[in-house]
Every structure is written in structure tokens, then in C-alpha cells.
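Here is a short briefing on one protein model. Look it over, then work through the points below.

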Amino acid sequence: RDRDRDRDREEGGGEREREGGKRGGGENMAGKESTTVEEPLDLIRLSLDEQIYVKMRGDRELRGQLHAYDQHLNMVLADVEETITRIEVDEETGEEIINTTKRVLPMTFLRGDGVILVSPPVRTG
């Protein structure tokens, strides 16, 4: 094990910091946080502590303040409003009935494999 760890260090692996997920990530060589979007996760990084919209599988939509994320798009949101939309068909008339359920959560963890879309806040200027 020690040999593997030493080899990882020599190759630059092992304990190196991963992209995203940490506050203060995305710093440039001068130590200042970059505000440019060069990679998809940069858009998420720039939305930390901001209100975002997330569309999930299963007709779930969430709006909340982004506290943390990782490279898998696992996210922690605060002050979340979740909207679940269900479409049912009336057997007698064949009409579609849309049922919407909303709830407010103080904090939630989203698993990234269920994320379809992430929309950052509108930026002006």
C-alpha cells in the first residue's frame, strides 16, 4: 500500500484536489477566483450561494440556494421549493389531469444521476 501511495504521489495523483465541490475552488494562479466559464462545472461553481433551478427525473423541479456540489452533480440546496408534477388520465373521459404538489424544505441533498437540467440565476451586466 505504501508503495502504491508513493507511486501516486510521484505521478501527481492520490491526494490532489478534485475540481468542484469545495468552496473557493476554481482559483487561478494569482489566487483570485475566476469568473469565466470554460467548462460546464464552471457555471455551477459561479452559482454557489445563489438561487438556482434544477429539473430532476420523475417530473420534479427544485429551486433553492446552492451550498455545495461535486463532479457528479450531487448538490446540497437550502431553502428549497420542490414541485412534483403528476399527469393522470381519467379512465372514463380520457382527459389528462395534472396534479401539482409543492413543498418547502430547509435543506436537501440531490443525487446527481437524477439531474436533467441546472439553470443558474439570471446575470446582468
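Which residue in β2 does V54 stand opposite? V54 stands opposite L62. The model is predicted: local features need pLDDT of at least 70, side-chain atom pairs count only at pLDDT 80 or more, and totals for chains, interfaces and linings use all residues. Residues are numbered from 1 along each chain as its sequence is written, and side-chain values use heavy atoms, with hydrogens and water left out.

**Overall make-up**

- The protein has two helices and five strands. Helices (H or I, at least four residues) and strands (E, at least two) are DSSP runs, numbered from the N terminus.
- Along the sequence, the pattern reads α-α-β-β-β-β-β.
- Of the 125 residues in the protein, 28% are buried. Buried means under 20% relative accessible area, exposed means over 50%, and partly exposed lies in between (1.4 Å probe, protein chains only).
- The protein exposes about 9400 Å². Carbon and sulfur atoms supply 46% of that area. Accessible areas come from the Shrake-Rupley method with a 1.4 Å probe; for residues, only the protein chains shown count as cover.
- Take the contacts in the protein with a separation of 6 or more: 43% of them join residues 24 or more positions apart. Contact means heavy atoms within 4.5 Å.

**The sheet**

- Five strands form an open sheet, in the order β4-β3-β2-β1-β5. The pairing is antiparallel. Two strands pair if DSSP finds at least two bridges between them.
- β4 (96-110) and β5 (115-119) stand at the edges. Each has a single partner strand, so one side of each is left without a neighbour in the sheet.
- From one strand to the next, the twist averages 25°. Axes for such angles are lines fitted to C-alpha atoms, for helices over the stretch in contact, and angles run from 0 to 180 degrees between N-to-C directions.
- Strand β1 (residues 51-56) pairs with strand β2 (residues 60-69) over six bridges, in the antiparallel sense.

**Residues to find**

- L110 is found in strand β4. L110 is buried, with a relative accessible area of 2%.
- Leaving aside neighbours within four places in sequence, L110 is in contact with V54, M56, L62, L73, N74, M75 and L77. L110 and V54 are 56 residues apart in sequence, and their C-alpha atoms are 9.5 Å apart in space.
- N74 sits in the loop between β2 and β3. N74 is buried, at 17% relative accessible area.
- The side chain of N74 reaches the backbone nitrogen of G112 at 2.7 Å. Beyond its neighbours within four places in sequence, N74 has contacts that include A68, Y69 and F109.
- R86 lies in strand β3 (residues 75-89). R86 is partly exposed, with a relative accessible area of 45%.
- Leaving aside neighbours within four places in sequence, R86 is in contact with I97, I98, N99 and T101. R86 and G58 are 28 residues apart in sequence and 8.7 Å apart in space, C-alpha to C-alpha.

**Salt bridges**

- How many salt bridges are there? The count comes to six. A salt bridge is a side-chain nitrogen of Lys or Arg within 4 Å of a carboxyl oxygen of Asp or Glu.
- R45 forms a salt bridge with D42, and their closest N and O atoms are 3.7 Å apart. Both lie in helix α2 (residues 40-45), three residues apart, about one turn of the helix.
- R45 is buried, with a relative accessible area of 6%. D42 also counts as buried, at 11% relative accessibility.
- The side chains of E81 and K102 meet in a salt bridge (3.8 Å, N to O). E81 lies in strand β3 and K102 in strand β4, so the pair ties together parts that are 21 residues apart in sequence.
- E81 counts as partly exposed, at 35% relative accessibility. K102 counts as exposed, at 56%.
- D113 forms a salt bridge with R111, with the closest N and O atoms 3.0 Å apart. D113 is partly exposed at 44% relative accessible area, whereas R111 is exposed at 56%.
- R60, E82 and R103 are linked in a network of salt bridges.

Methods: A polar contact is a pair of N or O atoms within 3.5 Å; within protein, one must be able to donate a hydrogen and the other to accept it, and residues adjacent in sequence count only if both atoms are side-chain atoms.
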